[in-house]
Amino acid sequence: MNSTLLTSPILVIAYKELRDSLRNRWILFMGSIFMLLSLSVTFAGRAVTGELALPPLANLMSSLSTTSVFIIPLAAILLSYDSFVGEQEAGTLLLLLSYPISRTQILIGKLLGHSLVMFITTSCAFGSTAVLLLTFGSQYSVVEVVSVFGQFIISSNLLALTFILLGYIVSLRATEKAKAVAGLLFVWFILVLIYDLLLLTVLVSDVAFMDKQLLNILIALNPTDLYRAINLVSVGTESTGAAFSMFGDIDWGMSVMYSLMLVWICALVVISQSIFSRKPL
Amino acid sequence: MNSNTSPTYNIPVVNVEHVGLRFGDVEVLHDINLDVYQGQTLALLGHNGAGKSSLIKLILGLIKPTTGQLTVQGGRASYQPVNLGYLPEDVSFYDKLTGWEVLSYFAALKGVKAPRVKQLIAEFELEYAQHRPLKTYSKGMKQRLGVAQAILSQPDILLLDEPTVGLDPQASQFLYQKIASLKQQGCAVIVCTHELSIVEKHLDSALLLAGGRRVASGTLDDLRHASGLKTQIKLPNFTDKVQGDGYLQSLRHGQALLVASDERKAVIEYLVQQKSCTDFSVIDPSLEAIYHHFMQQQPLNPLPSDIAVATIPRKGWLQSLFSPIARQSQL
């Protein structure tokens with residue numbers, strides 16, 4: 001194993017997580033799902049409108065981010081749900097903690113490994129879609145496609161990171177793997193499905209207290225909404241359809257939204273670390 | 001134990017003084033004193049929930065004592081302790097990785113180089129299976145890998161929690177042979193086990209715990225003496241030999257002599273002096289007998305993990321995921 005050449009425990013743990021995902025074909029499986037999703041949306045997405053043509057880039061990113069927002073968190077959850085509870089059940093968490101490694105190093109090592117796994121899968125899947133789009137769609141400029149897909153891959157990875165960390169938090173608190181899965185599916189259900197539905201309901205009902213500022217805050221309070229906002233604002237919300245009109249009201253620029261995403265990640269790292277440091281053995 | 005029981009060295013590598021451990025209102029360990037020396041094997045014995053694993057976790061520095069002082073090689077135990085090897089109870093490692101990969105992973109975490117991994121794979125007779133995933137390994141093979149993992153860094157202190165559970169006698173013997181060779185190199189070994197007949201042949205001293213309290217401790221001879229259990233001496237043609245010997249008659253119990261531990265040496269010397277008694281067998285009380293003697297009055301205790309859970313109010317599965325940290329987590 002090459003990890004014997006690695007000197008930092010963080011890198012050793014990250015390498016082990018990466019190899020685990022390769023060994024159990026997780027990367028292959030999730031990469032295929034992402035690729036199937038992006039290719040379907042890109043090349044067959046307009047079939048529902050009765051035409052077989054490549055969509056404008058703004059519409060494509062709108063469709064891609066709308067579908068990815070369901071799949072990416074799910075993939076991140078599947079990757080991270082047993083990170084701690086699984087090791088605890090196997091007895092290896094206790095063993096790892098007896099080694100000259102801090103809990104922070106274990107946490108960061110796992111996070112680095114899982115982030116790499118997500119980066120490889122999303123980059124390969126969405127990157128190859130971008131390449132195919134440039135090959136078959138002469139109407140797109142290379143710079144535009146690279147810029148839009150680059151942004152999409154980066155934001156997808158930030159979203160994945162938040163759900164990986166949510167996975168760690170639940171995994172650290174759960175006593176069994178099955179409970180961790182159930183808890184995370186509940187989190188996914190609330191953040192991905194229910195939260196948006198409630199937000200749209202409030203917007204449509206035109207309640208008095210809902211102003212632009214409050215809407216911005218409510219979008220910032222959910223990483224999946226931030227992800228959608230980043231991808232829709234980046235291509236122009238006016239071309240993305242009425243269903244997403246709430247993102248048209250967002251005041252923030254891309255840098256603020258990316259910063260908010262990073263705040264989410266940092267906060268979740270701190271919470272995970274805090275739970276891990278107090279975890280009874 | 002606070003008595004020098006070391007066969008070859010006189011340096012305590014683990015020193016436990018009046019250590020107590022509480023999880024909330026539950027007292028897991030109470031006033032434990034213990035010295036472990038270089039080259040010594042100490043057996044931690046007791047029912048499930050007696051506090052053995054908690055004591056190991058204290059030595060590992062994974063939890064802190066509520067009271068008392070615990071030093072490992074002269075320093076406070078912490079999560080980055082001295083050169084220490086540990087094999088937890090019933091560890092299953094990573095099923096999808098190969099034996100080589102698992103050992104290399106733990107070696108890398110300890111900064112141990114590949115040649116040592118290769119050496120241990122060979123030493124523990126796992127060469128033929130080193131590139132097979134662990135899910136194809138038998139219990140004995142996994143346990144051998146576990147011990148190899150524990151001694152990767154040639155530790156000064158080796159802590160083994162139930163190392164022979166589920167192993168066949170040959171595999172157990174193999175493991176204890178390895179432990180014996182480590183002892184000779186000066187490694188202090190602490191074994192937590194229920195397999196008394198096996199560990200009896202290998203221990204230098206033992207600590208018997210019940211309900212987190214010391215019941216007895218010391219060398220096997222100390223424990224025999226403290227228990228008051230007598231040594232049985234059997235002679236061929238017993239009746240003829242004992243007949244007419246007032247001293248032996250006074251020790252007679254059925255068809256054997258029963259001798260208190262403090263008289264044992266004198267009686268054996270007496271028998272050796274009697275030319276007619278050159279052939280006799282001495283059966284000392286076994287560790288199992290000593291254990292049962294001390295433990296028969298002790299209540300069966302709940303597992304520490306059950307105690308820990310008991311301090312958390314019982315909730316539904318979903319609530320329990322988000323329930324506040326239990327008090328023991330503050331340790």
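This is a predicted model: local features need pLDDT of at least 70, side-chain atom pairs count only at pLDDT 80 or more; totals for chains, interfaces and linings use all residues.

User: What makes α7(A) roughly antiparallel to α10(A)?

Analyst: Helix α7 (residues 142–173) of chain A and helix α10 (residues 223–235) of chain A pack at an angle of about 175 degrees. Angles over 145 degrees count as roughly antiparallel, and α7(A) is therefore described as roughly antiparallel to α10(A). The axes of the two helices lie 10 Å apart.

User: Which residues of α7(A) and α10(A) meet?

Analyst: From α7(A) come Val148(A), Gln151(A), Phe152(A), Ser155(A), Leu159(A) and Thr162(A). Their counterparts in α10(A) are Pro223(A), Thr224(A), Tyr227(A), Ile230(A), Asn231(A), Ser234(A) and Val235(A). By class, this contact has 7 nonpolar, 6 polar and no charged residues.

User: Where in chain B is confidence lowest, and where is it highest?

Analyst: The lowest confidence is in helix α12 (residues 304–310) of chain B, with a mean of 42, and the highest is in helix α2 (residues 99–110) of chain B, at 94. pLDDT is below 50 over residues 302–318 of chain B, a stretch with 30 contacts in the model beyond near neighbours in sequence. Residues 1–8 of chain B also stay under 50. For chain B, the mean pLDDT is 81, and 82% of its residues reach 70 or more.

User: How is chain B divided, and what separates the centres of its domains?

Analyst: Chain B comprises domain 1 (12–224) and domain 2 (230–284). Taken over C-alpha atoms, the centres of domain 1 of chain B and domain 2 of chain B are separated by 40 Å.

Note on methods
Residues are numbered from 1 along each chain as its sequence is written. Chains are lettered from A and ligands numbered from 1 in the order in which they are written. Domain bounds come from an automatic or database domain assignment. Axes are lines fitted to C-alpha atoms, for helices over the stretch in contact, and angles run from 0 to 180 degrees between N-to-C directions. Helices (H or I, at least four residues) and strands (E, at least two) are DSSP runs, numbered from the N terminus. Angles under 35 degrees count as roughly parallel, over 145 as roughly antiparallel, 65 to 115 as roughly perpendicular and the rest as oblique. Two residues are in contact if their C-beta atoms, placed from the backbone, lie within 7 Å. Ala, Val, Leu, Ile, Met, Phe, Trp, Tyr, Cys and Pro count as nonpolar, Asp, Glu, Lys and Arg as charged, and the others, Gly among them, as polar. pLDDT is the predictor's confidence in each residue, from 0 to 100.
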